[in-house]
Amino acid sequence: MAKALANQPWRKANVARRLQIFVASLIPLPLVVLITITAHLNPILSFAGLFLPLQLIAASVVGYLAYGRRGVGDAVLVVLTFFFSAFVLILLLSVLSSVVIQGSRAISWQFISQNNVYVSPTTSLDYGGVGHAVVGTLLVVLLTTIAAVPLGLAMAIYLTQSQSKTRNLVRTFTQALSGLPSVVSGLFILSIIEATHIGRSGFTGALALFPLMLPTVARVAEEALKLVPVDLRYAALALGAPNYRAFFQVILPAAKSGLLTALLLGLARVVGETAPLILTMNPSSSTSLNPFNGGMTTLPTYIYNYLASSYETSQARAWGAALVLLILVGFLFGLARVLGKNKSIKSKASK
Amino acid sequence: MSEPVQRRKLVAGPLSKGDKWFFRSTSIAAHFAFVLVALVLVFLLVRAWPVLQSQGLGFITGNTWSPDQKPIVLQLGPMLWGSILIAFVGILIATPMAVSMAYLIVFMLPKRLAKAFTTLVDLLAALPSVVIGLWGLLVFTPLAASWAEVLNKYLGWIPIFGVSNAENGFMSSPFIAGWIVAVMIVPIITSVTREIFSQLDKDLINGALALGGSRLSTFRKVILPTSSGGVVGGVLLGLGRAVGETVAIFYVLNLTMDINWAQLLEPHGGAVASWILARFGEASGTEKQGLMAAGLVLFVITLIINYLANFIVNRAQPWRKN
C-alpha cells in the first residue's frame with residue numbers, strides 16, 4: 001500500500017482538494033444552526049432536510065469553481081463519504097461514552113469486588129457488586145478456552161501444514177460454524193443437558209460458548225500460520241526435521257504473536273456472550289468457585305438480569321457491569337492489537 | 001532401453017512415527033468442525049421432531065403460538081418474517097455506512113489515520129451484543145423514536161412509514177431494531193469491503209481519473225463494478241449475523257405474534273432468536289421442543305446464508321488462494 005501511494009505524485013494536491021471541498025461544505029452550518037434556533041425547527045429535520053442538501057450544493061459549487069465539472073462529482077462523493085462515515089463513528093462514540101459516563105457512576109472498588117447476596121433491585125449502590133460475575137466470567141471463559149484453543153490451533157495446523165484433500169471441506173464447515181447464532185449454540189447444549197440429565201452449571205455454560213469460540217480461534221490462527229514464510233518450513237524439512245518438529249520449533253515461534261492474537265480475539269468473541277449462558281446456566285448471587293456444580297453468573301448475564309427490571313438502581317448496576325465488561329473486552333482487544341502489530345512488521349520483513 | 005529405475009512415489013507422506021501422530025491428531029481435530037455441525041443439527045432435530053411433525057408446514061407459515069391450547073399450536077410465522085424484515089432494514093442502513101467507511105479508509109485517509117479508523121471499526125465489532133442492547137434500550141431508543149416521529153410526520157403517506165396510532169410513541173419498532181442490527185453489522189461489511197477495495201488494481205482507478213473522471217464517476221463505474229461481488233458477499237455475511245442476533249433485539253423490540261408485514265414504525269414485530277430467549281423462561285415440555293425447532297430453523301437459515309456469503313466472498317478474492 002505504501003508503495004502504491006509513493007507512486008502517486010498528485011496525491012498531496014488531492015488531499016488539499018478534498019480538504020478545500022470539505023471546509024467549503026461546512027459554510028452553511030452556521031446558517032442552518034441559526035435558522036433552526038430562530039424558527040424552532042426539529043434539529044434532526046433541519047439537519048437532514050436543510051443542512052445536507054445545502055452542504056452538497058455548497059461543496060458542488062466550490063468543486064465546480066475550483067476544478068470544473070469533475071469537481072462536482074468529487075464534492076458529492078466527499079460529502080457523502082464523510083457524512084456516512086461520521087455517522088458510524090458517532091454511533092460508536094455514543095455507545096462508548098454512554099457506557100463510560102453512566103457506568104462510572106456505579107463503579108467503585110466495592111462494586112467490583114463484592115458479590116450480590118442480599119441485594120434486591122432497589123438496594124442502594126453502596127452495597128453489592130459484580131465480584132461474583134467477574135469471577136464467573138473468568139472461570140467460564142477459562143474453561144471454554146482450555147478446550148477451544150488447542151482444538152482451534154490443531155484445526156489451523158491441519159489447514160496450513162497438511163496437504164489433505166478435505167481441507168476445503170473443513171474450511172467450509174469452520175465458516176459454517178462461525179455463522180452459528182449464539183442462541184442456537186445455547187439450545188444445542190440445552191438439548192444435551194436434557195438428554196443426559198447433567199446439572200446446569202458453569203461447565204454447561206462453557207460448553208455452550210465452545211462452538212462460538214472454536215471457529216474464531218481456528219480462522220485467526222490459520223491466518224497467523226499462513227503469514228509464516230513457507231521457506232522457513234521447507235528449510236527445516238530439508239534439514240531433516242520431521243513435520244512436527246518443524247512446526248513446534250520453527251513455525252510456532254515465528255507465529256507466536258499471531259497465535260496469541262487468535263487466542264485474544266477468541267476470548268473477546270465469547271466474553272460478552274449472553275444468550276447461550278442464559279439458556280444453559282442458573283444465575284447465582286453468591287461467589288461460586290466451582291464451575292461443575294451449582295449456578296454461576298457472568299457479567300453479560302448480570303447485565304441481562306438487571307436490565308429486565310426498570311428500577312433506577314438496577315439500571316445503574318447494569319451500566320456499571322457493562323463498563324466492567326467493556327474494560328475487559330477493551331483490554332483483550334488492545335492486547336491483541338499490540339501483538340498484531342508485531343505480526344504485521346514481521347510479515348512485511350518477510351516479503 | 002533398459003528397465004527404468006523404479007520411481008519413488010512423489011506424494012509426500014509422513015515419514016516418521018511422530019509425524020504420523022502429528023497429522024493424524026490434527027486431522028481428527030479438524031474434522032471435529034464437521035462433527036460439531038452435525039451434532040448441533042442432529043440434537044436439535046431429535047428434540048424438535050415431535051413438534052415439527054405435529055405442526056407440519058404451519059410451523060413456518062402460521063401465526064399462532066399458544067402452548068396452553070389443546071391440541072397445542074406452535075407457529076413461528078411472524079417471528080420468521082420479523083427476522084427477515086429487521087435484517088433487511090439493518091442492511092439498508094448499514095451498507096451505505098459501511099461502504100463509505102471502507103472507501104474513506106482505503107482511498108481517502110492518510111495511512112496512519114486509516115489504521116486508526118480500522119481499529120475503531122474493529123472495536124465496534126468487539127462490543128458485546130448485551131452492551132449494544134443496553135445502549136439501544138436506554139440511550140438510542142428515545143433518540144430513534146424522535147427520528148421515527150419525524151419520518152412519520154412527513155413521510156407517513158408512504159405505507160411503510162405509516163402507523164395505526166401515533167399515540168403509541170414509536171418505541172420498540174422494527175425500525176429501531178433495524179438500526180441496532182445495523183450498528184452490529186457495519187463492522188462486518190466494512191472489513192470485507194475494505195479488504196476488497198484495498199486489493200483493487202490501482203492502475204484501473206488512476207486510469208479512470210486520468211481520463212477525466214471525477215471521484216464519483218470513478219467510484220460508480222470502476223470501483224463498484226469490480227468489487228461488487230465482494231461487497232455483496234460482505235452484506236450477506238452481515239445478513240447472517242443480523243438474523244441470528246438475539247439479546248440486543250430482545251431489548252429494543254416488542255415481540256408479538258401479530259404479524260407486522262412492513263410497517264416499520266409500528267411498535268411491534270418479531271425475531272426468531274429473540275423469541276427463543278423471551279419464551280425460554282416459561283417454556284416447558286412441548287413448547288421447549290417448539291423453541292428447539294425454532295432454533296433449528298434459524299440455524300438452517302444462517303447456514304444457507306453463510307454458505308452463499310462465503311462462496312461469494314471467496315470468489316471475489318482470488319488472491320486469497322490457499
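**View 1. Val338(A) is partly exposed, with 13 other C-beta atoms within 10 Å.** The C-beta atoms are placed from the backbone; a residue is buried if 20 or more others lie within 10 Å of its own, exposed if 12 or fewer, and partly exposed in between. This is a predicted model, in which local features need pLDDT of at least 70, side-chain atom pairs count only at pLDDT 80 or more, and totals for chains, interfaces and linings use all residues. Residues are numbered from 1 along each chain as its sequence is written, while chains are lettered from A and ligands numbered from 1 in the order in which they are written. Val338(A) is found in helix H16 (residues 312-350) of chain A. Helices are DSSP runs (H or I, at least four residues), numbered from the N terminus. From Val338(A) to Ala321(A) is 17 residues in sequence. In space their C-alpha atoms are 26 Å apart.

**View 2. Helix H13 of chain A covers residues 256-271.** The helix has 16 residues. From first C-alpha to last it reaches 22 Å, close to the 22 Å expected at 1.5 Å a residue. The expected span is 1.5 Å times one less than the number of residues. Is H13(A) largely enclosed or open? 14 of its 16 residues are buried, so H13(A) is largely enclosed by the rest of the structure.

**View 3. Chain A is divided into domain 1 (2-105) and domain 2 (131-350).** Such bounds come from an automatic or database domain assignment. The C-alpha centres of these two domains of chain A lie 39 Å apart. Six residues from domain 1 of chain A and six residues from domain 2 of chain A make the contact. Two residues are in contact if their C-beta atoms, placed from the backbone, lie within 7 Å.

**View 4. Chain B is divided into domain 1 (17-66) and domain 2 (78-320).** Here 27 Å separate the domain centres, taken over C-alpha atoms. In chain B, 13 residues of domain 1 are in contact with 13 residues of domain 2. On the domain 1 side, helix H2 (32-55) and helix H3 (58-61) of chain B each supply at least two residues. H2(B) gives the most to that side, with eight residues.

**View 5. Chain A meets chain B: 72 residues of chain A are in contact with 79 residues of chain B.** Helix H5 (residues 69-106) of chain A gives the most to the chain A side, with 19 residues.
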